[in-house]
Amino acid sequence: MAAAKGDGAVGELELQAAIGFNGHVPCGLICHPDKEHILYPLGCTVVIQHLDTQKQSFLHGHTNNVSCVAVSRDGTYVASGQVTCIGFKADIILWDFPKQELLARLSLHEGKVEGLSFSPRGIYLVSLGGQDDGRVMVWDVSKREAVCGSPASPRSAGNANVVVCSSCRDEMFVTAGNFTIRVWELDRATKKIHPSECYTGQLKRIAVCVQMTNDDDDFYLGTTSGDVLKVNTSSKVVTACGPQKKKFSMGVTALLLLKTGGLIVGTGEGTVALCTGSDFQVKKRMRVEGGVTSLTCRGRGDQFFIGTNKCQMYRSAYATFKEELVAVCHTEAVNDIVFPAGHSDLFVTCSTNDIRVWYTPERWERLRITVPNVTCQAVEVTRDGMVILSAWNDGKIRAFVPATGEPMYEINNAHNLGVTAIAATSDCKQIISGGGDGQALRKKTNDPRQHVVQMRVLPSWRVPDNHQWNRQKVLDGSAVREVQGSLSSSINGMDITSDGVSFVTGGDDHLVKLWDYQEGAVTHVGVGHSGSITRLKICPANKFIVSVSADGAVLTWKYPSSG
């Protein structure tokens, strides 16, 4: 890594905010027991967000995507697991929540940590390995070491998918998965765990979620078949299964037990239903966008939250049972980001099927422009702020009204292999586009029917007097200098401050790097993305940097103060 100017130290960019939520992680959205915070995974980071102020903080430490999150009952500890390459150890990180500090790395599982659960008093942490690991482990939280482990499922069954600890006893927990349901007991004296198989009779089910009752008498399993199983903890026998007449479409993917005895069911098709009775009769229902992956209660109040695999968060009250959208984000790679000229409170991003306009202070989506079945690869706002220009993989350039998202015009067949880059001249009269065919083209903005011709564009640079470039070098294309942007991977995005003092880069190494132009040296590095950085921009006021990545994340970094 290049050294910074002066003392040679490279500073750390401060992550200010994140727009994103990995809704594909089962039970990844968790309300903290303090009733004030919510936790969720985003790439290799665990985000902690205050529910009222929306202030965010971040738990950094994983080297790859976070695959599961758990919080101890008293809220003291957070545990998070990750995925990694086959043959490598996948870390579990134990965190101190009040201090938001890393306490320990627990590394025995290979490939992936599938699930985590704390015992009721927080004495033990139980972890479940993924398909390539297949083990269940018990960890001593205070000693930060493994107590014992065992294969999670019998050889005659498939993989275990979920784990949940007892609500009353530290020595008991349950695992379930592909045709396997087991109740486990920990023998403290011998430091061994012993499973008891649960009897399901003719029922052959794949369990994907589990909830234990507060008294430990029973636990509930959601299945891919679209029904819910109720299992007695003592007898290890299924005592109820339903609904019988009409099962839930695309499986039961999340469960939430209510203190009143009811059960909230989330499904793969996006239904959230309140069920009662031994036959799990549906009393209320609502619909959200995407399959439900998380249901979490805010303390013992009347609120609960819903997370979906479309990476959206909803809030609802038990009494009204009406969904309220509280957070949205991109679900696929974000391909570009741009600020309107002179405005730092708004920025525009683009991805598969859509363009989105965001309000920076509240991290809220102001506008979404949807074009189905195509990918927007680049976006631009004209200097007068009157047009959003966009480049699409179907070879079209599309223009929209920024305030409403209404279409203005289309330029068909702009490039044979898709439009990959777009810009507008400062007088807003012409469009410059680049394509997968390697061509750069110029087009009038006020006549979309005009034939597009290929041409070479020579920009008029505003050149700082104190920098090493000059107008002749800009015109003849000669290199001023060449510096190595990354030791291991490509650079996908770059932006420069308006005064030319600093520039920022990002790429496949997942790092945001701020450079001093004159020294050609890295001054600050930001770590937070788990996917390749696709683009990044410095806001017009030089107060923050926004970076976007292939995993759908939009991260905001504080721009370091000078001096």
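The side chains of R298 and D52 come together in a salt bridge, with N and O 3.7 Å apart. A salt bridge here is a side-chain nitrogen of Lys or Arg within 4 Å of a carboxyl oxygen of Asp or Glu. R298 sits in the loop between β27 (292-297) and β28 (303-308), while D52 sits in the loop between β5 (45-50) and β6 (56-60), so this pair ties together parts that are 246 residues apart in sequence. Strands such as these (E, at least two residues) and helices (H or I, at least four) are DSSP runs, numbered from the N terminus. Buried stands for under 20% relative accessible area, exposed for over 50%, and partly exposed for what lies in between, with a 1.4 Å probe and protein chains only.

A word on the model itself comes next. This is a predicted model, in which local features need pLDDT of at least 70 and side-chain atom pairs count only at pLDDT 80 or more, while totals for chains, interfaces and linings use all residues. Residues are numbered from 1 along each chain as its sequence is written, and side-chain values use heavy atoms, with hydrogens and water left out.

Back to the salt bridges: a search of the whole structure turns up 21 of them. One of these links R135 and D133, with N and O 2.9 Å apart. R135 is partly exposed at 27% relative accessible area, and D133 is buried at 14%. Another joins R398 to E410, where the closest N and O atoms are 3.4 Å apart. R398 belongs to strand β35 (residues 397-400) and E410 to strand β36 (residues 407-411), so the pair ties together parts that are 12 residues apart in sequence. Of this pair, R398 is buried, with a relative accessible area of 6%, and E410 is partly exposed, with 39%. Salt bridges can also join up into a network, as they do for D354, R356, E365 and R368.

Now for the strands. Strands of a sheet pair through backbone hydrogen bonds, either parallel or antiparallel. Two strands count as paired here if DSSP finds at least two bridges between them. Strand β13 (residues 135-140) has five of its six residues buried, so the rest of the structure largely encloses it. Strand β12 (residues 124-129) pairs with β13 in the antiparallel sense, over five bridges, and in this pairing Y124 stands opposite D140. These two strands make a hairpin with five residues between them, and G134 in the turn has a positive phi of about 75°. β13 also runs antiparallel to strand β14 (residues 145-151), and six bridges join the two. D140 turns up again here, with E145 as its bridge partner in β14. β13 and β14 form a hairpin too, with four residues between them and a positive phi of about 55° at R144 in the turn.

Elsewhere, four strands make up an open sheet in the order β7-β8-β9-β10, with antiparallel pairing. β7 (66-71) and β10 (101-106) stand at the edges with a single partner strand each, so one side of each is left without a neighbour in the sheet. From one strand to the next, the twist averages 20°; the axes behind such angles are lines fitted to C-alpha atoms (for helices over the stretch in contact), and angles run from 0 to 180 degrees between N-to-C directions. Within this sheet, strand β8 (residues 77-82) and strand β9 (residues 92-96) pair antiparallel over five bridges, and G81 stands opposite I92 in β9.

The peptide bond from G242 to P243 is cis, with omega near 0°. P243 has its place in the loop between β22 (237-242) and β23 (252-257). That loop between β22 and β23 also holds M250, a residue other than glycine whose phi is positive, near 65°. M250 is exposed, with a relative accessible area of 61%. N353 is not a glycine either, yet has a positive phi of about 75°. N353 lies in strand β32 (residues 346-359) and counts as partly exposed, at 27% relative accessibility.
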